[in-house]
Amino acid sequence: MRKWLDPFKELELLKKEMDELFRAFEEDFWWDMPSFRFSFLPGVSARSYPLINIAEDKDNLYIEALAPGLNPENIEVSVLDNSLRIAGEKPPVKDIKPEAFHRNERSSGKFLRTISLPVNVDAEKVKAEYKNGILLITLPKAESAKPKQITVSVS
Amino acid sequence: MKETTIPVKTDTRRVPDTRSATRTIRPPVDIFETNDGLTVIVDLPGTHKEDIQIQIENDVLTIKATPKSLLNIEPFYREFELCEYFRQFQLSDKTDQDKIRAEMKNGVLIIQLPKKEGAKPKQIPVTVS
């Protein structure tokens with residue numbers, strides 16, 4: 001025999017489900033799923049620029065920034081306290097009249113991005129390398145931020 | 001210049017992994033015209049000169065490039081992912097296909113597509129009598 005549904009209870013359940021769904025979105029649920037990660041290049045619209053990837057190993061923190069077409073001499077990388085500053089300018093195409101363009105999708109102009117670092121770094125030893133339009137910054141961790149191995153002694 | 005996409009022929013017996021084969025980035029381009037021809041500028045960050053393929057077949061210009069990340073460990077924070085770049089354009093019949101040149105610098109590809117001699121504009125001086 002079929003049980004009668006309680007309409008109020010059903011509504012309550014639906015509300016719960018909806019809340020669950022929104023909570024998932026708030027927690028960047030989709031972002032964490034490999035199939036929902038997306039690949040894109042910064043275009044004309046304003047976004048944080050340059051886009052970065054951060055990786056770490058035992059001794060260093062690595063920041064990879066996607067910034068094609070820069071003059072390596074004009075990239076400013078500096079570390080102050082716990083923040084990394086990347087500044088520079090992507091030069092526009094020179095001496096071309098706007099009406100000569102068939103397509104203009106690449107952006108240009110000045111940019112500045114400040115990234116707060118998750119660990120203390122040794123500001124003196126930071127290295128930056130620009131290769132094929134990608135900027136790789138290697139930040140050695142400060143001694144205090146490195147993991148310490150503690151040996152367990154048996155008594 | 002018209003953008004075009006030619007369907008890729010697939011071998012039905014060996015279906016490629018659709019996730020890797022069809023996931024491509026459409027890189028942003030600038031195209032402008034001068035009296036001598038067209039210039040195509042493409043942003044291809046992370047691509048080494050050797051990893052770019054530029055092909056012309058049946059008046060279609062194909063740009064294909066495979067970028068490489070400078071990191072060899074998986075990042076814990078990710079804003080972008082590099083995968084193959086792919087874009088195609090239909091060339092006009094006024095392009096001199098034998099004189100196409102391409103140059104790569106700092107992740108930016110510049111392709112020069114010169115016009116055929118007959119297609120270049122002729123300057124006619126105006127004399128005042």
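Two strands pair if DSSP finds at least two bridges between them, and a strand here is a DSSP run of E of at least two residues, numbered from the N terminus.

This is a predicted model in which local features need pLDDT of at least 70 and side-chain atom pairs count only at pLDDT 80 or more, while totals for chains, interfaces and linings use all residues. Residues are numbered from 1 along each chain as its sequence is written, and chains are lettered from A in the order in which they are written.

**View 1. Two neighbouring strands of chain A, β1(A) and β2(A), run antiparallel.** They are joined by six bridges, and in this view Glu56(A) stands opposite Leu61(A), a residue of β2(A).

**View 2. An open sheet of five strands takes in both chains, in the order β7(A)-β8(A)-β2(A)-β1(A)-β6(B).** The pairing is antiparallel, and the edge strands, β7 (127-131) of chain A and β6 (77-78) of chain B, each pair on one side only. Strands of a sheet pair through backbone hydrogen bonds, either parallel or antiparallel.

**View 3. Strand β5(A) pairs with strand β2 (residues 29-33) of chain B.** The two are antiparallel and share three bridges; Asn104(A) has Asp30(B), in β2(B), as its bridge partner.

**View 4. Chain A meets chain B through 32 residues, which are in contact (C-beta atoms, placed from the backbone, within 7 Å) with 33 residues of chain B.** The elements giving two or more residues to this side of chain A are β1 (51-56), β2 (60-66), β5 (101-104) and β8 (134-140), and β1(A) gives the most, with six residues.

Methods. Two residues are in contact if their C-beta atoms, placed from the backbone, lie within 7 Å. Helices (H or I, at least four residues) and strands (E, at least two) are DSSP runs, numbered from the N terminus.
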